[in-house]
Every structure is written in C-alpha cells, then in structure tokens.
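User: I want to learn how to read helix packing and domain contacts in a model. Can you walk me through it?

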Amino acid sequence: MPQFTFPSPPPSPEAEVFRAEIRDFLATELKDRAPIDRAQSWNGLDPAFSRKLGQRGWLGLTWPTAYGGHARSNLERYVLLEELLGAGAPVGAHWIAERQSGPSLLRYGTEAQKRAILPRIAAGECFFCIGMSEPDSGSDLASVRTRAVREDGGWRVNGTKLWTTNATHCHFMILFCRTAPADREHRHAGTSQFVVDLTLPGITIRPVRNLVGEHHFNEVVFEDALLPEDALLGQEGEGWSQVTGELAYERSGPERFLSSFRLLVELVRALQPAADERAAIALGRLAAQLVTLRRMSRSVAGLLQAGADPALEAAMVKDLGALVEQAIPEIARDLIAEGPPTPQGRAFAEVLAYTTLHAPSFSLRGGTREILRGIIARGLGLR
Amino acid sequence: MSCPEDDAGVPLRETADRLLADLLTPQARARIAAGEWPDDLWSALAEAGLPAAILPEAAGGFGVPVADALSLLTVAGRHALPLPLADTMLAGLALARAGLPVPDGPLAVAEGADATLDAAGRATGRAWGVAWGRHARAVVVPAEGPDGPRLVALPRDALAIEPGTGIAGDPRDAVRFEAVAAPSAPAPFGAPALRAAGAATRALMMAGALGAVSAMTTAYAQERRQFGRALGQFQAVQQNLAVLAGQAASAAAAADLAAEAVDAWGPGLMPALAAAKVRTGEAAGQGAAIAHQVHGAIGFTQEHRLHLFTRRLWAWRDEFGREAEWALLLGRHLIAAGPDGLWPAITAA
C-alpha cells in the first residue's frame, strides 16, 4: 500500500547560522514596512528589494556558480525563503523566476540559454511569469489551444494566456503550448515549452483586475508572434513532463502555508496584553498546524536536496497548507471584537480585510484543491 | 530518526512489526478483550527487548537513542497493540532518569494523580486513567514531598484498584493508596513534563494507527464495488481518501517531532510536544471519521477490525491531555512571545 513518507528534515547547522544573518538583514531592511504591506506576503512587488537580495547573493542560492548561483543547499534556501515570508518581505518580483523558471532552465535549458538568463535572475534583474492557464484551460492544462508552429527561423505563436501574474513586470514568460495537434488518445503529447521574450512584437499584455481591484493578473495575447529558433525550452513534445517536473518546486515551499502569517502576527498583537483562554486555544490549534506543515515542507526540501522527486508530498503540503491559510482569517475575525478605532486595532482590521479578500485564491493558484487531491488519490493507487 | 540510512530505529521497528503480526492473532485479541493478561505475549515482547529499548544501558537498555526507541510506538499503533508497551517505556524512562530501579514487567504511568509523600517516604493519594493499572508491576506517579516534587514507583500489591474500561475497551483503572512505602527520588522533571512525555507516546501511537487506517481504507475502497465500479473510482470517495492520507501524513510528521522533542528534552520540549499532541489528536478525529464513512456499515461491526484502530485513536487523543489542553499551553506560549517573537517561536518549536 503506498504511503506518503516525510522523513525527518536533515539537520543543517549552516542553515541556522544563515538564519541569524537573514534576520539581521531583514530587521534593518524592513524596519519601516507597515503590517498591511507585509500582509501581501509573496504578492508584494519591489524590484529594488529583489535586486538587493541578488546583490547579497541570495537569489539562485542553490544553482551552480557557473550560472551566477551560489552552490548552497536546499535547506539553506528553505531557511531564506521562510525568513523572508515570516517577515513579510516584498519578494514577488523575483519569486517565480527564482522558484521555478530558473530551476527549469537549469534542468532543460541549452548551455546558451542558461548562460544568457540564469545570472540575470540570480542578480535580481530578470523576472519571469508562468504561461500555462488559458481562457478555456484552467485545471485541465492539457486542453491548451495556444499553438506554436515551426517555420523558417523559428516558431509562430497564436493564442491567449490568462491569469498571468505580474506579466507587465516580467522580462520573460515560460510558455506552455501545443506544437502538434491535440490527440484524444494521448492528451499530454504534442506540447512544448518556450522561453518567451515578452518585448517581442505580436505579444499584447492586458490587465485583469482581481475582486479587490488590484492588478496582478494579466491576459497575454499572442498574434503571429515570431519566436526565434532557440526559444524552445527542452525537447519539442515534452512540455507535459517538463511542466510536471516543476511541481515539487512550485508546491512544497513555505509560501504554501504562510500566505496568511501576517494576520497571525497582528492577531497576537491585538490579543496583548492578556488573551483569554478561548483565544489562546484557537491560536494554539493554528500554530500546531503551522509547526507540523513547516516540518513537512522542510522534509520535502531535504528530499529535493537528496535528488528525489517529491511531487506527491508537495501536493499534500499545498493542500494542507491552503486549509490553514484559509482558516486563519476565519478564526482571527472571531477572536477580536470590533471596537472604537485604535492604531493597533486598525492594523489588525486592515490585515484581516486584506487576508479575507485574498483567501479564496489560496486553494486555486498553483493547482486547485480538487486537482491536488486527485494527484494524491493517484499516488494512493486509486486512479 | 534523523536520516533513514543510519536510523537505529529501522531494525527495531522491523522486529516489532514481525513480532506483533505473529502474536496478535484474532484469538489472542479475544483473550485480551475478555480480560485475560496474556503473559506469553508480554514475555515475547520483553524477550525481543521492546519495553527496555528506551532505557539507558545502565538501566538494562541497549544504547538506542530515545527517539528511535519511541518510534517503536508507531509500530504498536499500526497493530492496534492491546498491551501497555507505551506506558512501560514511559515509566521506565522516567524511573531511569530519576535514578530509580526499573522493575521487570509491565509498568504504568498515571495520566492524572493527586499524591503526597510524607517525611518517611510513604505515599498517599489517588490516581486515575491508569492504563493497564491492574496488571502493572508498579504505577509511576509524581508526588509532592516535604522537600519538593518527587517521582514515586508505587508497587501494585499496595494499591486499591477500581477497575475501569476506556473507550477502546482496554483497562483504564483508578487507584488509591494510603501511607504506602514506595521507592521515590527527586523528580528529574516536573509533573507537566511527565504528562508531556505521556502525550508524546499517544501521538506516536496515533500516527501509527492512522497510517494503518489510511492503508486499510484505501484498500477497502479498491475492493468494494457499488454501481458497477470500485468505491475508489468515485471522485467524492477519492477526495476523502486523499484527505485521510493527508491527515495520516501530518500525524506522522507531528509524531516524529514529538519523539525528537522527548529525546532532546530541552527548553523546546513543551511547545513542540503541545503542537504534536494537538495535531495528531485532530488528525485522529478527522481520519477516523473518513475511515468509517468509506467503510460503511461493515466498518461499524465488531466483526470488522476497523474499530480496533478507531476506538484506540479516540482513546489516545484523549489521554495525557486533549487537543484543547495542549493548544492552550501552546497558544499562551506564543502570546507571551508577542507579535515580534511569534515567528522565532514557530521556528524554534
């Protein structure tokens, strides 16, 4: 019977030394960052902050030095990520590039692609977005219709990508699309990935505002956009297996259970100086989930470090993580009564509103709850 | 349990797994359920060194790290072991750390006790929720002595036992004692820490039992057919089984955390153990509910073995502190840490 195993995270004394260094840096750097800004978590966008991390050598931490990386361990990178998120640092500009585009390039890119792009990501000067979803292809990624057709000197692309976060701030997209007609028998065949320079002619980016009115999402339209020959990432026709190879990176990190963490901080502030028993119990229950998830997520970092492919374990971390992220605002609102405005009361109210409004996305982005549970069920041998 | 390759717990767990699979026949379970003390089974566990694995070598152990020895309890949980291995290990560990001799045979730790020691070293008081108390050679309780807290090993023959039965059908007895001369020593840790270590034993057993429940429920969904297909082919059932697997994996991770915290026995002990008991207790409730739902009516019968596991999950989540008790402790710890100390407190647990 298949069982999901989360081995104990390997000890990493060097990561704990690193943690102290990161905390010192963030204490100074984020001194004046307000709770509501910190609440944006990994949606917070600040290219200057990303460049600063790059200058410190804190992007592409695990990549080979030949490509601008720093050859450090996944466990050190884990500590860096969780400290950035725990502090509410604005990491959104580089997040996707560092988390999954860079690792995909490292794994599937040509030497020329790697040399041209990876050092720029590691410097915090080159940002990526994900070109997967389409207007008619959400969870059913294999049904994408955007098409790249080979022609002399390159590829001609037509189609529309949707929900493309931060496209207007990004230099490149990793595009997932069809390079051969859809085959009902082999739905995953005939797809490929491309590294797309978003400044090319034939590419139009239009904002899609979220329910709050913020602009993070975009629609990216390709109209006879001509990609050069060397835009292909990896093997033609291998898009599906390449995309699924990113998932352990995409789904297991601390951002999958810390999206609401700032609200917990503001809750603890609002509960001072004397919290009642009910509030302490509710906080303790949430914290027990976070402590356990953190251990599972660190365990996946250890598996990645050991060269395993923990895609199933990652799906589980993300499914459980979204549950606690969404529980935090529901529970926090119940513990603090509305009252006359005070400065600390206002910070709590703002962060609660922000988190409540963004919570629905936590179990949609990066694989919906239903998709994740389907993946887990397949891992159990049920599908 | 740091890395799988050099994990001293692996051979120990494999031995225990084989032994329990052989010993725990339906006939053996029936004898135990009827109230018999199965001396032959206990002797087999003792001969395999399971109860002593947690002890330091000076006290009769064989030098296994505490966390690895505790991992035996996940195997006990996986087999829904109806014998006091956890309590004997816990009592042995506590007695050894207090410098007291560890008696041979099954031992008990009182889940709750109200006991005092007089100047002559005689114990008076009561204890309740004592797992297998009527069969234990000694019951370990914390007691307040004239010079501070002490750990006492009450000999069973000197105790008045009121037999009771827990939610799983296993003995959970109340005991009374009056001016009982008993070995005691200054407590190496307070009563809350003993309770926390007890909570760790329950967390580990719950993790093991939930792993078994997840596996048997998934297997059942693949065998049982309705509407012309296996239950496991229905998406609604698949999604529930995925949730059950997630609860089982969470419980396992939390239990590992508990075992390591008992091993380290440092300042981080209480928050980590509190988190572990809360999380495994929640997982037990949610996981057992799904297992019963998927099994349907057959899982609600005495004939089916599911209840061996789910009844023990319901018992163990209550013992040594329910979720609310430990959540309160953890929550207060975090509130005391304050908003700026919250993140460091989470990473330290």
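Analyst: Start with handedness. A crossing is left-handed if the near helix is turned anticlockwise from the far one by less than a right angle, and right-handed if clockwise. In this structure, α9(B) and α11(B) cross in the left-handed sense. The model is predicted: local features need pLDDT of at least 70, side-chain atom pairs count only at pLDDT 80 or more, and totals for chains, interfaces and linings use all residues. Residues are numbered from 1 along each chain as its sequence is written, while chains are lettered from A and ligands numbered from 1 in the order in which they are written.

User: At what angle do the axes of α9(B) and helix α11 of chain B cross?

Analyst: Helices here are DSSP runs (H or I, at least four residues), and strands are too (E, at least two), numbered from the N terminus. Axes are lines fitted to C-alpha atoms, for helices over the stretch in contact, with angles from 0 to 180 degrees between N-to-C directions. The axes of α9(B) and α11(B) (residues 323-337) cross at roughly 140° and come within 8 Å.

User: How are α9(B) and α11(B) oriented to each other?

Analyst: Under 35 degrees counts as roughly parallel, over 145 as roughly antiparallel, 65 to 115 as roughly perpendicular, and the rest as oblique. α9(B) and α11(B) are therefore oblique.

User: Which residues in α9(B) and α11(B) meet?

Analyst: Contact means that C-beta atoms, placed from the backbone, lie within 7 Å. On α9(B) the residues include B:M270, B:P271, B:A274 and B:V278; on α11(B) they include B:W326, B:L329, B:L330 and B:H333. For classes, Ala, Val, Leu, Ile, Met, Phe, Trp, Tyr, Cys and Pro are nonpolar, Asp, Glu, Lys and Arg charged, and the others, Gly among them, polar. This contact of α9(B) with α11(B) has 9 nonpolar, 2 polar and 3 charged residues.

User: How do α9(B) and α10(B) cross?

Analyst: The axes of α9 (residues 269-295) and α10 (residues 306-318) of chain B come within 9 Å and cross at roughly 155°. The two helices, α9(B) and α10(B), are therefore roughly antiparallel. The crossing of α9(B) past α10(B) is left-handed. By class, 7 nonpolar, 5 polar and 1 charged residues form the contact of α9(B) with α10(B). Among them are B:G281, B:A284 and B:H295 in α9(B), and B:L313, B:W314 and B:R317 in α10(B).

User: Which domains is chain B divided into?

Analyst: Domain bounds come from an automatic or database domain assignment. Chain B has domain 1 (9-186) and domain 2 (191-348). Their centres, taken over C-alpha atoms, are 23 Å apart. Domain 1 of chain B puts 25 residues into the contact, and domain 2 of chain B puts in 27. On the domain 1 side, α5(B) gives the most, with 6 residues. That side of domain 1 of chain B has 17 nonpolar, 6 polar and 2 charged residues.

User: Which domains is chain A divided into?

Analyst: Domain 1 (13-127), domain 2 (130-237) and domain 3 (244-379) make up the division of chain A. The centres of domains 1 and 3 of chain A lie 21 Å apart over C-alpha atoms. Their contact takes 20 residues from domain 1 of chain A and 23 from domain 3 of chain A. The largest share of the domain 1 side, 7 residues, comes from α4(A).

Conventions: Two residues are in contact if their C-beta atoms, placed from the backbone, lie within 7 Å.
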